[in-house]
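I opened my notebook for a first walk through this model. Come along, and keep the picture beside you as you read.

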Number of protein chains: 2
Amino acid sequence: MTVQPVTPSTTKEHTPKLSSDTREKILKAAFAVLSRQGYENTSIKDIAEEAGVAQGLVHYYFKSKQQLVVAVLFDVCKKMDVYSAEGTAGANAAFENFKVLLRERPDAHTLYIQLIGVGLHDKEIGAGIRENIRTERGRVESLARQVLAEREADPRSARAIAGAVWAGVLGIMVQKMVDPEFNADEAVDALAAMSLSAVFATNSGAQASI
Amino acid sequence: MTVQPVTPSTTKEHTPKLSSDTREKILKAAFAVLSRQGYENTSIKDIAEEAGVAQGLVHYYFKSKQQLVVAVLFDVCKKMDVYSAEGTAGANAAFENFKVLLRERPDAHTLYIQLIGVGLHDKEIGAGIRENIRTERGRVESLARQVLAEREADPRSARAIAGAVWAGVLGIMVQKMVDPEFNADEAVDALAAMSLSAVFATNSGAQASI
DNA sequence: GCTCTGTGATTGAATGACCAACCAGGGATT
DNA sequence: AATCCCTGGTTGGTCATTCAATCACAGAGC
C-alpha cells in the first residue's frame, strides 16, 4: 500500500537538515505505541518515552499530533504493499501476499483500521486514508483490467469489480483483527475464486443482481 | 444487524424501573453526538447537553462511558438490519436493502466503523463488535447455504463464501464513508454478481486461487 | 591551538484546557 | 419517609502545546 503526502509543499514538518534519524526514531516509536495502545489511549508523552526522548522534541519534529499520525500512516502503508506481478498471475500473487501480510503484520493492520475510524472525523488523517484507499482500489482496477483483457471480456466492469474486491480485502482485514478466530485464509481464497469467476463470467457489466 | 448485550446478567446498567424514556433520550443524544463528532471528540458533557439533561444523569443511567457506547452500538446494529427473505431471492433482497441503507443511514455506518476501530483496544466495545460481526457473518452463511442447496452444490464452501461476502459488505461500507465519491451501488452489484456466480461455480471447496 | 559566537537539537517544566467519574443534596412520587 | 429521578459542582487526573533554557558542535577570528 502507498499513500502520497497530503500536501507535500504546504505541509512543512519542520524537517531539520541534520541527524534525521531522531525523526525516524520517533516515527517508529509512534507506530509501536499507536498500534499497541490505540489512537485515543496514546499521548505524546507515551510516544516520547517509547522513543527515549523528551516530550518537547516530538513537537519539534512534528507540528501537531495529527501530523505525526499522518506521517505514521504514510509509513504503515508502505509496510502493506502487496503487488508483485501483472495480469491474472499478479492477481493471484497479490491474494497470496495478502494472506502472508495478515499473518505477519497484524500491528500494521490494527493501526490502519484504527486510523480509518479516526479519519472519519479528522480532516488530515481522513485525507490520507482517502488518498490511500483510492490508490489501492486503482491498483486493483488495473489488475482487473488486465485479467479482463486476457480473457477478452468487457473492460468496463473493471471499476465495479475493483470496488468489490478491494472491499473484500478491507473487510477481511477488519474481521481478522476484530476476531482472531476468523479463518482469513479461506475467506481470501473464496474472494479470489469469486472475483476471478466473476471476471470470467461477466461481459456486459455487473448488473446481475435481482 | 443485531448484537447481544455482552454480559446480560453481570452488566447492571442501573436500569431504573420507571420513566425509562430519559434513558432513551440519552441514548439518542449519544448516537447523534458520537456519529457527528466521533468517539474521541465526544465527552459526556456533550451528550448531556444534546439530551438536555445534567451531566450527572448520564452516569446515573450508564455506569461508564464505555457502557453507554456499548448500548449505543447495540442500538446502531438494530438500525442496520438487512435481511428480509430466504434463499437466493433473500440474498438479492439483502443486497438491495444494503444499497438503500448506504444511502439513508450514513450516520449509523459512520459510527459503526468508528467503533470497530475503537473496539480494537477497548475490551467492552470490542466484545460487542466481535459478537455482532460473528452474528452477521452467520446470517450470510445461512443464506449462502440456502443458495447452494437450491443449486445442489457443495454446502461446505458456505462458510468461506460468507467470510468473503460479509467482508465485501464491510469494505463497501468503509469505502463509502471514507470517500463520498465512491460508487457504492456498482460495487454492491459487482459483489452480488461475484458471490452468486461463485456459489454457482463452486462444488469442491474454494481453493481456486493460485 | 584557542576562544568566541551562532545555530540547530534537545530538555523538562509550565500552561491552559478538558474530561470521566464522583458526590452531596433537592424535589417529586409513592 | 423512603425510593427514585435529577442537578450541578467538585475532584483528581491527563492532555497537547508552548517555552525558556541548555547542550553539542562547527566555523570564524586571532
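Entry 1: Just after H2(B), I noted B:Gly52, with a positive phi of about 75 degrees.

**Entry 2: positive phi in a glutamate.** I then checked B:Glu152, where phi is near 55 degrees, a positive value in a residue other than glycine. I found B:Glu152 in the loop between helix H7 (123–150) and helix H8 (158–178) of chain B. Is B:Glu152 buried or exposed? It counts as exposed, because I find 8 C-beta neighbours inside 10 Å, and a residue with 12 or fewer is put in that class.

I looked up A:Glu152 as well, and phi is near 55 degrees there, again positive in a residue other than glycine. A:Glu152 sits in the loop between H7 and H8 of chain A. It is exposed, with 8 other C-beta atoms within 10 Å.

**Entry 3: the overall fold.** Next I stepped back to chain A. Of the 210 residues of chain A, 48% count as buried. I also looked at contacts between residues at least 6 apart in sequence: in chain A, 66% of them join residues at least 24 apart.

**Entry 4: where the two chains meet.** How many residues of chain A are in contact with chain B? I read off 58 residues of chain A, in contact with 58 residues of chain B. On chain A, helix H5 (87–104), helix H6 (106–119), helix H7 (123–150), helix H8 (158–178) and helix H9 (184–201) each supply at least two residues of the side that touches chain B. H8(A) gives the most, with 15 residues. I sorted the residues of this side of chain A into 32 nonpolar, 19 polar and seven charged.

**Entry 5: how the copies are related.** I superposed chain A on chain B: a rotation of 180 degrees does it, with 0.0 Å of shift along its axis and an RMSD of 0.1 Å. That is the relation of a two-fold axis. The same surface serves both copies, as 100% of the contact residues of chain A recur in chain B. Which residue of chain A comes closest to the rotation axis? I found A:Gly168, with its C-alpha at 2.0 Å.

Entry 6: Last, I looked up the confidence. The mean pLDDT of chain A is 87, and 85% of its residues reach 70 or more. I marked two stretches of chain A where pLDDT stays under 50. One is residues 2–18, for which the model has 27 contacts beyond four places in sequence. Another is residues 203–210, with 23 such contacts. I left both stretches alone, with a reminder to myself: where pLDDT is low, the predicted coordinates should not be read in detail.

Technical notes
Residues numbered from 1 in each chain as written. Chains lettered and ligands numbered in written order. Predicted model: local features only at pLDDT ≥ 70, side-chain atom pairs only at ≥ 80, totals over all residues. Contact = placed C-beta atoms within 7 Å. Helix = DSSP H or I, 4+ residues; strand = E, 2+ residues; numbered from the N terminus. Nonpolar A, V, L, I, M, F, W, Y, C, P; charged D, E, K, R; others polar. Least-squares fit on C-alpha atoms with pLDDT ≥ 70 in both. Buried ≥ 20, exposed ≤ 12 C-beta atoms within 10 Å, placed from the backbone. pLDDT = per-residue confidence, 0-100.
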